[in-house]
Each structure stands twice: as C-alpha cells, then as structure tokens.
Amino acid sequence: MDLAARRPIVSSSASRAKRSSPTRARSSPPAGVQPSLFALESQDDEGPSLRQRLVARQARFRSTRFGQWSAKLVQLAVLVGLILGVQYLTRPLRGVDQAEVDYLIEQALQTKPIPAFSTAAYAAIRPSVVRVVGGDGKLDEDDPPTSVGSGVVIVDSGLILTNLHVISGAKKIGVVFSDGTESEARVVSTQPENDLAVIQATTLPDDLVAAKLGSTRELQVGDHVLAVGFPFGIGPSASAGIVSGLKRAHETQDGTRPLSNLIQFDAAANPGNSGGPLVSAQGEVLGIVTGILNPTQQRVFIGIGFAVPIESAASAVGMPPF
C-alpha cells in the first residue's frame, strides 16, 4: 500500500495559520527582581539568554591557546607576588653596629653650637677697647689714678673716644691697650654738651685695630647691644642687653649739664664703664656709654644705662655722621 496515500492531508489554510500564529508573550519579572537581571535569566523563544551567551563566549576563549597562556601568566604573577611578599615580611632586621653608634656620637659631640651674638660682638670690639686712667702723678702703685674709665680706638693712628668726666681735671692721662701696651695720652678735643673727649695715645701697639663705627639710624627698641669696658677697673668686661629706649634725656655725672638724644639700654654698666663702647650684634659701635640712673647715692647699676649716639661722638672727632 502506498504510504503517501496514508499521510494526512493538511489544508494549506491550516499551515498558514500555524506559521502566522503569534509568539508566546514574555513573562513579567517577579516582584523584587530588577528587570535587567530578569532579562539575563529569561529565555526567548528564539535563542539562549544573554548570560548563557557570555558564559559560552568565555568558555570558547579559555579553550583557545591564547586564553590558556593568559590564565597561566595570571597564576604565575600571583605566585611570584606571594613569594616576594613572604620574603619581605620575613626578612631579618638590620642590626645596629656599635662602631656606627660610636661614630654618630662622636660626630654629634664635634658639632659646635651656633655662638651667641655677644660672643661674636665681643670678639670684634675687644682689640679696640682701652682702659683710661687720669690722675695727678705717675699713675702707678705709689701714685694711683684718681679716675678710671674706658675708651675705644676709632682711628688706628691712636685716636680714642672716651667720656669727658673720666679725664676732667686730670693732669696726666694714661691708657692701656688690649695687648697690654701702656701709653700716655693727651687731649685732642672735647664736646661738653655730649660729655665726650678725644685723646691721642703717644705709644701705639704694632697691630692696633680701630673699631668699626655703626649707625643708630635703623636702631630700634629691643635690638641686642653689648656694653664693653672696665667696671670698677676690672676688664675688659662685657654685658649683654637690649635697647630700652631712644632719645632719652639725662644729666652728666656731676649734675652740671643736661644730656639729650641718648640711647637707653639695660646691659649692666657700672662706674668704670664710662667712655666704653655700646656695640651692636655685629660688633659695630653704636654709642659711648656715659652714665647710669640710680635714685640712690650708691652709684651702682639698677637696670638703666645711657649712651651718647655714635653720630654725636663722630662729630667730636671731626668725622662726618655715619
């Protein structure tokens, strides 16, 4: 019997209806599931889901030779990183060598601290400071001086600045230089309104050094200063302080003449400091110490000293203002 005769006959209209039947509608995502995630999991009638396609692509990549080598390189890099990390963490700590410790200690001990400003200032002015004495006789032990003060060399030819009241009334003036050289001196000029005198030494040291003169133009209250001289005949002695005031007024030691435009300072000064230099932190002469203020009759320092500005002192020598 012919099999073709037994095959059911399907009408052409039924076949067209089956091909034209609509596709099954996609289901909606369950409650609480994001649509994008649901879309990856849902399967369309026409093919696999997006997640399934990605997994298949990764599997195909790993199956290639390039993918296999890439995976091995990643594993090798991780292994090398672990080995290096373990070696770093378990490395032995560097021991401290005693010789190195001793060297560092020695270097620290040899490092010199920065000297105070007063150290450098004193070193700069010290060769120019002199002891000034006045009296009626030979100025020795048998005929001691009647007045003792200080002075400063301002010209290397032997010109010395001091206070007028140090040498006033003295028939004989003597000076002692920083190297111990002793010399007689004579009065060159005086300036009573500023209690200043200029004297000339007759015998000079071979290496006499003149002081460097500064300026009070930029001087301010609070600036560091150094007073150098022979307080009570002891010295040369240095005392450090600051500028306490400017343009002060004071009387001379004997109270006969008023002094003005003075520098007030708090560096210790006592009888014997008169005529000595008041110097800056750079060792430059700013003024000539001329007196102290003490309301009692003890004539000792209580924190207020006065100096004549170097501009006035220079004019006593005939020098132009600095």
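**Reading the labels**

Modeller: Start with glycine 241. Glycine 241 touches Asp223, His224, Val225, Asp266 and Ala267, leaving aside residues up to four places away in sequence. Bear in mind that this is a predicted model.

Colleague: What makes these count as contacts of glycine 241?

Modeller: The cut-off is heavy atoms within 4.5 Å. Asp223, His224, Val225, Asp266 and Ala267 are the residues that touch glycine 241 on that basis. For Val225 there is also a C-alpha separation: 5.5 Å from glycine 241, with the two residues 16 apart along the chain.

Colleague: Where is glycine 241 found? And why is glycine 241 called buried?

Modeller: Glycine 241 is in strand β8, residues 237-251. Its relative accessibility is 12%. Buried means under 20%, so glycine 241 counts as buried.

Colleague: Why does serine 128 count as buried?

Modeller: The cut-off is again under 20%. Serine 128 has 0% relative accessibility, so it counts as buried. Serine 128 lies in the loop between α7 (117-125) and β1 (129-135). Beyond four places away in sequence, serine 128 touches Gly151, Val152, Val153, Val209, Ala210 and Ala211.

Colleague: Val152 is on that list. What is the bridge partner of valine 152 in β3?

Modeller: Leucine 161. How do we know that β2 and β3 pair? Pairing needs at least two bridges. Strand β2 (residues 147-155) and strand β3 (residues 159-163) have 3, in the antiparallel sense. The two strands therefore meet the cut-off.

Colleague: What makes β4 and β5 a pair?

Modeller: Strand β4 (residues 172-176) and strand β5 (residues 182-191) are joined by 4 bridges and run antiparallel. At least two are needed, so β4 and β5 qualify. Isoleucine 173 stands opposite alanine 185 in β5. The hairpin of β4 and β5 has 5 residues between the strands, and glycine 180 takes a positive phi near 95° there.

Colleague: How many bridges join β5 to β6?

Modeller: There are 6, and β5 runs antiparallel to β6 (residues 196-201). Against a cut-off of at least two, β5 and β6 therefore pair. In β6, isoleucine 199 is the bridge partner of valine 187. This hairpin has 4 residues between the strands, and aspartate 195 takes a positive phi near 55°.

Colleague: What do these pairs belong to, and in which order do the strands run?

Modeller: A closed barrel of 6 strands, with antiparallel pairing, in the order β1-β2-β3-β6-β5-β4. Neighbouring strands of this sheet are turned by 40° against each other on average, direction ignored.

Technical notes
Residues are numbered from 1 along each chain as its sequence is written. This is a predicted model: local features need pLDDT of at least 70, side-chain atom pairs count only at pLDDT 80 or more; totals for chains, interfaces and linings use all residues. Side-chain values use heavy atoms; hydrogens and water are left out. Buried means under 20% relative accessible area, exposed over 50%, partly exposed in between (1.4 Å probe, protein chains only). Axes are lines fitted to C-alpha atoms, for helices over the stretch in contact, and angles run from 0 to 180 degrees between N-to-C directions.
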